[in-house]
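Hi,

Here is the model we talked about. Please open it first, then read my notes on its charged side chains below.

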Amino acid sequence: QINNQLVDISGTEEYRQYLHEKEIAERKSQIESELLELDSKRVRAICEPSIKDETTGETWLDYYNSQVLTLRKELREII
């Protein structure tokens with residue numbers, strides 16, 4: 001609102017920057033939630049070790065660890 005009139009700010013650089021920062025914050029929150037979920041799955045994989053893929057010998061712990069590494073890399077890139 002400028003001089004008691006509504007002004008469209010959707011085309012401004014400040015608004016685009018605000019939206020970009022909001023998207024980053026939402027993705028960061030989403031990644032942190034996914035990491036918490038994976039942490040509990042990794043604990044279970046440690047307590048109940050089993051093979052996820054018989055052909056490669058990959059365990060569930062290996063699988064979850066690779067997912068965690070990918071998410072942490074993405075998190076570092078957006079911060």
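Glutamate 34 touches Arg27 and Leu71, leaving aside residues up to four places away in sequence (contact means heavy atoms within 4.5 Å). This is a predicted model, so local features need pLDDT of at least 70, side-chain atom pairs count only at pLDDT 80 or more, and totals for chains, interfaces and linings use all residues. Residues are numbered from 1 along each chain as its sequence is written, and side-chain values use heavy atoms, with hydrogens and water left out.

Glutamate 34 sits in helix H1, residues 13-47 (helices are DSSP runs of H or I, at least four residues, numbered from the N terminus). Leucine 71 is 37 residues away in sequence, yet the C-alpha atoms are 8.2 Å apart. Glutamate 34 is partly exposed at 27% relative accessible area (buried is under 20%, exposed over 50%, partly exposed in between, with a 1.4 Å probe and protein chains only).

The structure holds five salt bridges (a side-chain nitrogen of Lys or Arg within 4 Å of a carboxyl oxygen of Asp or Glu). One of them pairs glutamate 34 with arginine 27, closest N and O atoms 3.5 Å apart. Arginine 27 is partly exposed too, at 23%. Arginine 27 also bridges to glutamate 74, at 2.7 Å, N to O. Glutamate 74 lies in helix H2 (residues 60-78) and arginine 27 in helix H1, so the pair ties together parts 47 residues apart in sequence.

Another bridge joins lysine 41 to glutamate 37, at 3.4 Å between the closest N and O atoms. Both lie in helix H1, four residues apart, about one turn of the helix. Shared partners link Arg27, Glu34 and Glu74 into one salt-bridge network.

Best wishes

Technical notes
Helix = DSSP H or I, 4+ residues; strand = E, 2+ residues; numbered from the N terminus.
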